[in-house]
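Colleague: I am new to reading models like this one, and I would like to go through it with you step by step. Could we begin with single residues and then move to the whole chain?

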Amino acid sequence: MTAGPMVIVFLGPPGAGKGTQAARLAADLSLVKISTGDILRDHVARGTELGRKVAPIMERGELVPDELILAIIREELSRMKEVRAIFDGFPRTTRQAEALDELLAELRAPVNATVLLEVPEEELIRRMLKRAELEGRADDNEETIRRRLEVYRQQTQPLIDYYSARGVLKRVDGVGDPGQVYCRIREVI
Ligand code: ADP
């Protein structure tokens, strides 16, 4: 017996805890977590051509061009025999969301659910500044954090309506300890 295709998208502002929660859900549901941020950071760390191109963009807190992101996603999906994926940090623009729908239509695997993690802005900034101390991510400084939040509002927030119109949006309160937040996610997934 096969489990069948399954696609979950994690949506929410930077610092909302998408990566942490997506990893846990992926493990529990036997899905592959695809984090565009992690993939890009890996390229930067390895100094690949792509990494050299995106490093300054990421340091400014801007979005990497859609075409580069979509090439990454196409490659990740092409590696799967059956699509069972959780996307973390993708899609981030309407163009990316539309392209994902097209790719998934070809693979006959629609987006089953979109989890929107909601966290107030002061809490997001607090979390990212704390993460800066622990992990030293180049884009976790106050100026870049503010820019990332602005980019989120302008370019990614419209996706809330996009997925809401498709009836797949699940709003989850992202404030609390990670275990608590995960329980809330499991109530809707
Ligand atoms: P966060 O959600 O905390 O900002 P991510 O790891 O998801 O962290 O993203 C870090 C950076 O990587 C973004 O600011 C952006 O420059 C780049 N990035 C990641 N995913 C995408 C995407 N889907 N489209 C464009 N840029 C992306």
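Modeller: Let us start with Pro110, which is found in the loop between helix H5 (94-106) and strand E4 (113-118); helices (H or I, at least four residues) and strands (E, at least two) are DSSP runs, numbered from the N terminus. This is a predicted model, in which local features need pLDDT of at least 70 and side-chain atom pairs count only at pLDDT 80 or more, while totals for chains, interfaces and linings use all residues. Residues are numbered from 1 along each chain as its sequence is written, and side-chain values use heavy atoms, with hydrogens and water left out.

Colleague: Does Pro110 count as buried or exposed?

Modeller: Buried means under 20% relative accessible area, exposed over 50%, and partly exposed in between, with a 1.4 Å probe and protein chains only. Because the relative accessibility of Pro110 is 56%, this residue counts as exposed.

Colleague: Which residues does Pro110 touch, not counting residues up to four places away in sequence?

Modeller: Contact means heavy atoms within 4.5 Å. With residues up to four places away in sequence left out, Pro110 touches Val7 and Leu104.

Colleague: Where is Asp88, and does Asp88 count as buried or exposed?

Modeller: Asp88 has its place in strand E3 (residues 84-88). Leaving aside neighbours within four places in sequence, Asp88 is in contact with several residues, among them Phe10, Lys18 and Thr36. Its relative accessibility is 8%, and therefore Asp88 counts as buried.

Colleague: How do the axes of helix H2 and helix H4 cross?

Modeller: Axes are lines fitted to C-alpha atoms, for helices over the stretch in contact, and angles run from 0 to 180 degrees between N-to-C directions. The axes of H2 (residues 36-46) and H4 (residues 66-78) come within 11 Å and cross at roughly 105°. Angles under 35 degrees count as roughly parallel, over 145 as roughly antiparallel, 65 to 115 as roughly perpendicular and the rest as oblique. This is why H2 is described, relative to H4, as roughly perpendicular.

Colleague: Which residues of H2 and H4 make the contact?

Modeller: From H4 come Ile69, Ile72, Ile73 and Glu76, and from H2 come Thr36, Ile39 and Leu40.

Colleague: How many helices and strands are there in the protein?

Modeller: From the N terminus on, the elements run β-α-β-α-α-α-β-α-β-α-α-α-β-α. The protein has nine helices and five strands.

Colleague: What share of the 189 residues counts as buried?

Modeller: The C-alpha atoms fill a box of roughly 50 × 40 × 30 Å, taken along the principal axes. Of the 189 residues of the protein, the share that counts as buried is 48%.
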